[in-house]
Amino acid sequence: MSAIFSRAELEEARRALAQVDESLAAAVARVLEGTPVPKPPRHAVDALHDYFIVRLDPTELQGIAEAFGALEAGAVAPSGEATALACRDGQLLDRWYACAYPDEASRDR
């Protein structure tokens, strides 16, 4: 399975994963070290507008999705209210879950 992620999404994922699993953070960093998708003519040329095709081992994708699930759960306030971190981790979980489990993610819609 492959998906397209923006540089910003990948950098945020790498930073968050570095807190819980350096090997998963390194897998995301390897994607960032690759060549971005070519930009169309007249598209912004700076690195902030880069997009990458993510092709990772299924085990890595599943590990990343599970890590974001744990990060999201750990960021919920003791009262059960969502925090900004829980929301961020939940958004990242959604993106990576769809890559790790494409059949299940498409059924949920």
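**A walk through the model**

Analyst: Happy to! Let's begin with Asp 89, which is in helix H4; helices here are DSSP runs of H or I with at least four residues, strands are runs of E with at least two, and both are numbered from the N terminus. This is a predicted model: local features need pLDDT of at least 70, side-chain atom pairs count only at pLDDT 80 or more, and totals for chains, interfaces and linings use all residues. Residues are numbered from 1 along each chain as its sequence is written, and side-chain values use heavy atoms, leaving out hydrogens and water.

User: Is Asp 89 buried or exposed?

Analyst: Asp 89 is buried, because its relative accessible area is 2%. Buried means under 20%, exposed means over 50%, and partly exposed is in between, using a 1.4 Å probe and protein chains only.

User: And what does Asp 89 touch?

Analyst: Leaving aside residues up to four places away in sequence, Asp 89 touches Ala 16, Phe 68, Leu 71, Glu 72 and Ala 75. Contact here means heavy atoms within 4.5 Å.

User: New topic: how many salt bridges are there?

Analyst: A search of the whole structure gives eight salt bridges. The rule is a side-chain nitrogen of Lys or Arg within 4 Å of a carboxyl oxygen of Asp or Glu.

User: Which residue does Asp 50 form a salt bridge with?

Analyst: Its partner is Arg 7, and the closest N and O atoms are 2.5 Å apart. This pair links distant parts of the chain, with Asp 50 in the loop between helix H2 (22–33) and strand E2 (51–54) and Arg 7 in helix H1, 43 residues apart. Both Asp 50 and Arg 7 are buried.

User: What about Arg 7 and Glu 11, how far apart are their closest N and O atoms?

Analyst: They are 3.9 Å apart, and that pair forms a salt bridge too. Arg 7 and Glu 11 both lie in H1 (residues 7–18), four residues apart, or about one turn of the helix. In general, an α-helix has 3.6 residues a turn, so residues three or four places apart point the same way. Glu 11 counts as partly exposed because its relative accessibility is 28%.

User: Where are the two ends of the Glu 12 and Arg 88 pair?

Analyst: Glu 12 forms a salt bridge with Arg 88, with the closest N and O atoms 3.0 Å apart. Glu 12 is in helix H1 and Arg 88 in helix H4 (residues 84–100), 76 residues apart, which makes this a link between distant parts of the chain.

User: Back to H1 then. Which of its residues are buried?

Analyst: Arg 7, Leu 10, Ala 13, Ala 16 and Leu 17 are the buried residues of H1. Their cover includes strand E1 (3–6), H2, E2, helix H3 (58–75) and H4.

User: Last one: how many aromatic pairs does the structure hold?

Analyst: The structure holds two. Rings of Phe, Tyr and Trp (its six-membered ring) pair if their centres lie within 6.5 Å; planes under 30 degrees apart count as stacked, over 60 as edge-to-face and the rest as tilted. The rings of Phe 5 and Trp 96 have centres 4.5 Å apart and planes at 25°, so that pair is stacked. Phe 5 sits in strand E1 and Trp 96 in helix H4, 91 residues apart, so to speak a link between distant parts of the chain.

User: And the other pair?

Analyst: Tyr 97 and Tyr 101 form a tilted pair, 4.9 Å centre to centre with 40° between the planes.
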